[in-house]
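Please look over the sequence and structure before reading on.

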Amino acid sequence: MSIERLETARLRGEPIGPAHREGLIAMLGDPRVGATLGGTATPPEVDRQIASMAAHWATHGYGWYAFTDRATGELVARGGPHATHVAGRDEVEIGWTVVPGCWGQGLATEFGAASLEVAFGPLGLVDVVSFTLPDNHASRRVMEKLGFAYERDTIHAGLPHVLYRRFSTSSARSTSRSVV
């Protein structure tokens, strides 16, 4: 399995870069998306995110992908495994954001499952987290479909969040990590 190219039945994922700028500006600037992320992003903020994601890939060898529709080539989502600090710990998050026109089509679950395969396969992680705003019921459903279990409430980026965790099926629920 290649970590730099992630394919599912309907999607192609590649590391986020400048080529994805316009699609990310449209997605992250949409108020419907902003309501799930704690606010919308301006074009300069998206540029900073792209630079941060490229640096993350360079440092860790993995990170968020830009997911395009295999049939149309259009950017429809971003996400994947990503090192983060949440609830007082360094963790690897499996995250997702989908363009509103594709909500309810199972895309987050589809690429979330592929992201878990990367996390527990090539990355060799024992566990991963996912978190969202408490009232983001759609994202919480995706977490549960992917086998994450609610762990606790926390504050992240100054906002209340719910933290979920998923252990590798081959792990003994150890707290050690091989990648962060």
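Is helix α4 mostly covered or mostly open, and how many of its residues are buried?

## Helix α4

The model is predicted. In it, α4 is mostly covered, with 12 of its 14 residues buried. Among the buried residues are Leu 107, Phe 111, Leu 116, Val 118 and Phe 120. The buried set also includes Thr 109, Glu 110 and Ser 115.

Helix α4 runs over residues 107-120. From its first C-alpha to its last it reaches 20 Å, which is close to the 20 Å expected at 1.5 Å a residue.

## Strand β4

Strand β4 covers residues 75-86 and is also mostly covered. Of its 12 residues, 11 are buried. Strand β4 pairs with β3 and with β5, as set out below.

## Pairing of β3 and β4

Strand β3, residues 65-69, pairs with β4 in the antiparallel sense over 4 bridges. Within this pairing, Tyr 65 stands opposite Gly 79 of β4.

The two strands form a hairpin with 5 residues between them. In that hairpin Gly 73 takes a positive phi near 80°.

## Pairing of β4 and β5

Strand β5 spans residues 89-98 and pairs with β4 over 10 bridges, in the antiparallel sense. Here Thr 84 stands opposite Glu 91 in β5.

Strands β4 and β5 form a hairpin as well, with 2 residues between them. Ala 87 lies in the turn and has a positive phi of about 55°.

How values were computed: Residues numbered from 1 in each chain as written. Predicted model: local features only at pLDDT ≥ 70, side-chain atom pairs only at ≥ 80, totals over all residues. Heavy atoms only, no water. Buried < 20%, exposed > 50% of the residue type's maximum accessible area, 1.4 Å probe, protein only. Pairing = 2+ DSSP bridges. Expected span 1.5 Å × (residues − 1).
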